[in-house]
Amino acid sequence: MALIESALSAENREVRDQAAEFATEVVAPRAEEIEETDEFPRDVMEAAGDYGLLGILLPEKYGGLDSDFVSYCLAVEEVARKSGAVAESIQGHTFATVPIAQFGTEEQRETYLPAMIKGEAVGAMLLTEPGAGSSPSELETVAEERDDGYAISGEKAFGTNAGIADVHLVVARVQPTPDDSHGVSVLLVPGSGEVSGFEFDRTEFMGMRGHVTGDSSFDDVIVPKNALLGDVGQGFRIAMGTIDMARTGLGGIGIGIAGAAFDRAIEYASEREQGGQPVGNYQAVQVLIAEMDSQLESARHLVYDSATMIAGDKGDTRASSKAKFVASDAAEFVTRNAIQIHGGKGYRTDLPLERYYRDAKILSIIGGTSEIQKTTVASAALGI
């Protein structure tokens, strides 16, 4: 951590402190309730806005902090130490706001960003489809251009904050398709209860409870012409423009969850006695601790290496892919072995260890599986 700490700016530290305070004062007291009810914590998101955590990467003009990506990763790591679900909800919201800031008209920015930065409005990006994944060449959702706007029809799968969001960035193929492009575009669509033809079916998952995602269907959903974000044909560029940030951010969430599990393992191994001495004195436990510590610190350095590159406008897909899959693997390894060190107590539901373990698992899947990340890294290394 010495290398990372020495590289942090005063602003980075200030944002981290704000996030740590938010995580301790707001998230921690609500974490188990969110887990039990599985309800989206809108009040917590609003509080995140009050602490400035929803506008870390956004211009001050609209209420943001205009900070860098290192600050963002520090913030989600701190939040994830208390709740992976809240951290992932912030992540999904953030990467719906950034495209509006980058590609939106001034009218769109003024309409959406202030409320989203305050937490008064929640955002979601809807790209993935049941039969097409995230491939633009196979995208089946269409937006038929009409005199009064666009009529959207199709289905989307997943999408953090889908359904409960106040603004959805829906990636669709505009028809008729222009001769000079594939027509893939992004349209700003209100919440499912605000427009006719937009239905949402929430999906239940083994972890990240309170984080909302599911299947969205659009049946002739009408939006005005000014709902188009950017230009026709820019959709995939807009949707994928934050991919290195999103993958690195997920790495930040992974090391946050792992860090919380590791701290509990250290505390337990130091205090729990067996045979007249702390279990941490036994070599078998020490081996696990050493491996957990090393994997966590290795992942942390890869995450902040990628974050630093992004903050300097030198984002690198190879770096972000390494950060994501190594942090995902570390999160699973550390949370699993934190349970192991606790023995039977680790399997109990009155401790957060099993929540950490379940929350960690999704990180090797979303944002591109670990297998895809490894292929990306190998291809870059081999130059193929």
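**Ground rules.** I am working from a predicted model, in which local features need pLDDT of at least 70 and side-chain atom pairs count only at pLDDT 80 or more, while totals for chains, interfaces and linings use all residues. Residues are numbered from 1 along each chain as its sequence is written, and side-chain values use heavy atoms, with hydrogens and water left out. I take helices (H or I, at least four residues) and strands (E, at least two) as DSSP runs, numbered from the N terminus.

**Entry 1, H8 and H9.** I looked up how helix H8 (residues 243-271) sits against helix H9 (residues 283-311), and found an angle of about 155 degrees with the axes 9 Å apart. The axes are lines fitted to C-alpha atoms, for helices over the stretch in contact, and the angles run from 0 to 180 degrees between N-to-C directions. H8 and H9 are therefore roughly antiparallel to each other, a term for angles over 145 degrees, whereas those under 35 count as roughly parallel, 65 to 115 as roughly perpendicular and the rest as oblique. The crossing of H8 past H9 is left-handed, that is, the near helix is turned anticlockwise from the far one by less than a right angle, clockwise being right-handed.

I then listed the contact, which means heavy atoms within 4.5 Å. From H8 the residues taking part include Gly 251, Gly 252, Ile 255, Gly 259, Phe 262 and Ala 265, and from H9 they include Ile 289, Met 292, Leu 296, Arg 300, Val 303 and Tyr 304. By class, I note 16 nonpolar, five polar and three charged residues in the contact of H8 with H9; here Ala, Val, Leu, Ile, Met, Phe, Trp, Tyr, Cys and Pro count as nonpolar, Asp, Glu, Lys and Arg as charged, and the others, Gly among them, as polar.

Which residues of H11 are buried? Helix H11 (residues 353-361) is mostly covered, with seven of its nine residues buried, where buried means under 20% relative accessible area, exposed over 50% and partly exposed in between (1.4 Å probe, protein chains only). They are Leu 353, Glu 354, Arg 355, Tyr 356, Arg 358, Asp 359 and Ala 360, and their cover includes H2, H5, H8 and helix H10 (317-342).

In the loop between H10 and H11 I looked up Gly 346, which is buried with a relative accessible area of 0%. Leaving aside neighbours within four places in sequence, Gly 346 is in contact with Ile 339, Leu 353 and Glu 354. Gly 346 and Ala 265 lie 81 residues apart in sequence but 9.6 Å apart in space, C-alpha to C-alpha.

For helix H3 (residues 42-50) I noted Val 44, Met 45, Ala 47, Ala 48 and Gly 49 as the buried residues, and their cover includes helix H2 (10-37), helix H5 (84-103) and helix H6 (106-118). After H3 comes Gly 52, with a positive phi near 80 degrees.

Ser 89 is in helix H5 and is buried, at 1% relative accessible area. Beyond its neighbours within four places in sequence, Ser 89 is in contact with Phe 40, Met 45, Thr 160, Asn 161, Gly 210 and His 211. Ser 83 has its place in the loop between helix H4 (69-80) and H5, and at 4% relative accessibility Ser 83 also counts as buried.

Most residues other than glycine have a negative phi, and most peptide bonds are trans. Asn 161 is in the loop between strand E3 (149-157) and E4 and, at 0% relative accessibility, counts as buried. Asp 220 has a positive phi near 55 degrees; this residue lies in strand E7 (residues 214-223) and, at 33% relative accessibility, counts as partly exposed. The peptide bond from Gln 175 to Pro 176 is cis, with omega near 0 degrees, and Pro 176 is found in the loop between E4 and strand E5 (184-190).
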